[in-house]
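Q: Could you walk me through how to read a few local features in a protein model? I would like the general idea each time, and then the case at hand.

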Amino acid sequence: LEEMTAVLHLPPDAPAAFGAVLKSLNGEADAKKRGFTLSAANALWAQTGYPWRDEYKKRVSADFAAGLFDADYAKNPEAARKAINAWVEKETREKIKELMKAGVVNVDTRLVLVNAIYFKGDWQERFKKEQTKELPFTLADGKTVSAPLMHRVGAYHYAEADGFQALDLPYTGGRISMTVLLPTKPDGLPAVEKALTGEKLAAVLKGLHRERQVHVHLPRFKATKEFELNEPLKALGMPTAFTNGADFGGMSSERLRISAVVHKAFVEVNEEGTEAA
């Protein structure tokens, strides 16, 4: 618990805090009213007949609004894997497919915890499609490739910081925005990432000022990336949860450990707005 709290920066009363966040995300039924769609869903697929503690099942349902589904990994792990993938695909509007690859779930699996997030927002000021042109885009090694760059001139919140420019692109409704950081040098991204603490980012956002005329060139793109996070989480300081020495006694009287942490992300940015999952 101490390792996970430190690495994941969990608040003192994590379940209640996350519950409040989930309620605020999913509580507004009228997406048009707020101008964007943002939903988060949690679900647990638990081995049927396994000695799960009632207190644990109540907590995940009450605090994390998690659906509880029976699965029989011991007899048919492949059926369970397909059911989980179908749920993820549905909750992410078909943007995340085949989250769990073959073999991730097996006869030794006892529980799979799944979190799905979906976002769709239109720009407050859309880019005109006829303004999008194939133009040179500079790569980290200084070489250029041709890429579809959207273009717009207008009033935006903008700032120049040490090593990068920052631009705020609001979505319809004005409550949320995409903040773009552009390194000053083509190979400047690693240095920007290394120096970017939470405090520095907050200071940059606070320092954004409205400029009447900003020439914005932004790539139109679509990307999907997937990661296996076991080793990064261990390296960050939470190795015990992955060993036989792990203690998940609050969940079950049986010994459990984490065998796999998988993450998949999708984002599409175009003239109309952003879709992500």
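A: Gladly! Let us begin with Thr132, which is found in the loop between strand E3 (111-122) and E4; helices (H or I, at least four residues) and strands (E, at least two) are DSSP runs, numbered from the N terminus. This is a predicted model, in which local features need pLDDT of at least 70 and side-chain atom pairs count only at pLDDT 80 or more, while totals for chains, interfaces and linings use all residues. Residues are numbered from 1 along each chain as its sequence is written, and side-chain values use heavy atoms, with hydrogens and water left out.

Q: Is Thr132 buried or exposed?

A: Buried means under 20% relative accessible area, exposed over 50%, and partly exposed in between (1.4 Å probe, protein chains only). Thr132 has a relative accessible area of 14%, so it is buried.

Q: Which residues does Thr132 touch?

A: Contact means heavy atoms within 4.5 Å. Leaving aside residues up to four places away in sequence, Thr132 touches Pro148, Leu149, Met150, Arg220 and Glu271. For a sense of distance, Thr132 and Thr172 are 40 residues apart in sequence and 21 Å apart in space, C-alpha to C-alpha.

Q: How do I read a helix such as H2?

A: Start with its span: the expected value is 1.5 Å times one less than its number of residues. Helix H2 (residues 14-26) has 13 residues and reaches 18 Å from its first C-alpha to its last, close to the 18 Å expected. Next, look at its buried residues, which are Ala14, Pro15, Gly19 and Leu22. These cover an arc of only 125° around the axis, so they sit on the same side of H2; the arc is that of the directions from the helix axis to the C-beta atoms.

Q: What do the buried residues of H2 pack against?

A: They pack against strand E1 (36-47) and helix H4 (54-64).

Q: How many salt bridges are found in the whole structure?

A: A salt bridge is a side-chain nitrogen of Lys or Arg within 4 Å of a carboxyl oxygen of Asp or Glu. The search finds eleven salt bridges. One of them joins the side chains of Glu98 and Arg81 (2.9 Å, N to O). That pair links distant parts of the chain, with Glu98 in the loop between helix H5 (77-91) and E3, and Arg81 in helix H5, 17 residues apart. Arg81 is buried at 7% relative accessible area, whereas Glu98 is partly exposed at 38%. Glu78, Arg81 and Glu98 are linked in a network of salt bridges.

Q: Why does the pair of Glu125 and Arg152 tie together separate parts of the sequence?

A: In the salt bridge of Glu125 with Arg152, the closest N and O atoms are 3.4 Å apart. Glu125 lies in the loop between E3 and E4 and Arg152 in strand E5, so the pair ties together parts that are 27 residues apart in sequence. Glu125 counts as partly exposed, at 43% relative accessibility.

Q: What is the backbone angle phi of Glu98?

A: Glu98 has a positive phi of about 55° although it is not a glycine. Arg93 is a further case, with phi near 50°, a positive value in a residue other than glycine. Arg93 is placed in the loop between H5 and E3 and is partly exposed, with a relative accessible area of 40%.
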